[in-house]
Amino acid sequence: MSVTTTSTTSTASTAPTARPATARGAGLKQRRKSKLGWNLLGLLVFATAGFPVYWMLNTAFKPSKEAINPDPQFFPHTFTLANFSRALDIADFWGPVGRSLIVSLVVVVIGIAVGMLAALAISRFAFRGRKVVIVGILAVQMVPLVAMIIPVFLLLNDLGQYDKLTGLIITYLTFVLPFTVWTLRGFIVNIPKELEEAAMVDGCTPTGAFLRVVFPLLAPGMVATSVYAFIQAWNEYLYALMLMSQQNQTATVWLGNFTTKHGTEFAPMMAGSTMMAVPIVVLFLIVQRKMAAGLTAGAVKG
């Protein structure tokens, strides 16, 4: 009787510990499956987004005959740099690229400077019409760019800014500024006001508190916003086509020179597109750390 009781007691004492272990094992397997599924989804998204870039590079290094082959090859059999030479020779490559760089950099500098001040005013100060301004910023971003071509053309023509880089810069600021204001506002809101108040208690002026406390915390967000603003200005095509003549064309419009009445030179066009992507890639590599910090800075309420 005593032996039976002991074995029953030991079985009963070990049973409860076995169940949680089994449950933990099942939960671990479920988490691994879920993680594997998300990884596969991420790889699928990466492949979908990266394939056009790969095909651009693939075509850029192909001979022209292979680029128009109806049976495309995913891996080029012959590598050539002739397409890049052709792209550099057609219609002055460096002039449009230089103009695009000037326009994009000026738009970023003005957009970030003005946008930061506007975002600071909207975030930190209560004034009459504040909500109207915020709604207006969102409404401007909802207007299609195509709908503003004729008004912008007439306005620039009256101001004598048609076919001038200054007119193109002003035009780009109309859609870059609302983006920068709204984005920087999100970063400033997540910086506690108590930090500024503590700095002013220690003797800083409001301007000094902003420069010494808020501005360093805002720097990653400004970098991320600057990169996106630069990409918007660099890749814009419609306004550059409508507002600039062939002598003052930008890099995006320059790519249209590869399409003629005899057809499209796809391989040199892809070579030109590859060279146009270089400034964006270089800029991203330079500021990637700050950009990653800026993208995650507004993820939580600080």
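Modeller: Before we start, a definition: surface patches are made of residues with over 30% relative accessible area and no salt bridge, with like charges joined within 9 Å and nonpolar side chains (Val, Leu, Ile, Met, Phe, Trp, Tyr) joined within 5 Å. A salt bridge is a side-chain nitrogen of Lys or Arg within 4 Å of a carboxyl oxygen of Asp or Glu, and accessible areas come from the Shrake-Rupley method with a 1.4 Å probe, where for residues only the protein chains shown count as cover.

Biologist: Thanks! And what kind of model is this?

Modeller: It is a predicted model, where local features need pLDDT of at least 70 and side-chain atom pairs count only at pLDDT 80 or more, while totals for chains, interfaces and linings use all residues. Residues are numbered from 1 along each chain as its sequence is written, and side-chain values use heavy atoms, leaving out hydrogens and water.

Biologist: Okay, which residues make the nonpolar surface patch?

Modeller: Ile102, Val106, Val109, Ile110 and Val114 make it, and the patch is about 380 Å². Valine 106 sits in helix α4, residues 94–124. Helices here are DSSP runs of H or I with at least four residues, strands are runs of E with at least two, and both are numbered from the N terminus.

Biologist: Which residues have the most contacts inside the largest nonpolar core?

Modeller: Val107, Tyr172 and Leu218 do, in a core of 48 residues. The helices that each supply at least two residues include α3 (82–89), α4, α9 (206–235) and α12 (266–297). The largest share, 9 residues, comes from α7. A nonpolar core is a set of buried Ala, Val, Leu, Ile, Met, Phe, Trp, Tyr and Cys residues joined through side-chain atoms within 4.5 Å.

Biologist: What does tyrosine 172 touch?

Modeller: Leaving aside residues up to four places away in sequence, tyrosine 172 touches Val103, Val107, Ala233, Glu236, Tyr239 and Ala240. Contact means heavy atoms within 4.5 Å.

Biologist: New topic: how many aromatic pairs are there?

Modeller: A search of the whole structure finds 13. One of them is phenylalanine 51 with tryptophan 55, stacked at 5.8 Å centre to centre and 25 degrees between the planes. Rings of Phe, Tyr and Trp (its six-membered ring) pair if their centres lie within 6.5 Å, with planes under 30 degrees apart counted as stacked, over 60 as edge-to-face and the rest as tilted.

Biologist: Where do phenylalanine 51 and tryptophan 55 lie?

Modeller: Both are in helix α1 (residues 2–60), 4 residues apart, about one turn of the helix. Phenylalanine 51 is partly exposed at 39% relative accessible area, and tryptophan 55 is partly exposed at 25%. Phenylalanine 93 and tryptophan 94 form an edge-to-face pair, 4.9 Å centre to centre with 75 degrees between the planes.

Biologist: Is phenylalanine 93 buried or exposed?

Modeller: Phenylalanine 93 is buried, with a relative accessible area of 3%, whereas tryptophan 94 is exposed at 60%.

Key. Buried < 20%, exposed > 50% of the residue type's maximum accessible area, 1.4 Å probe, protein only.
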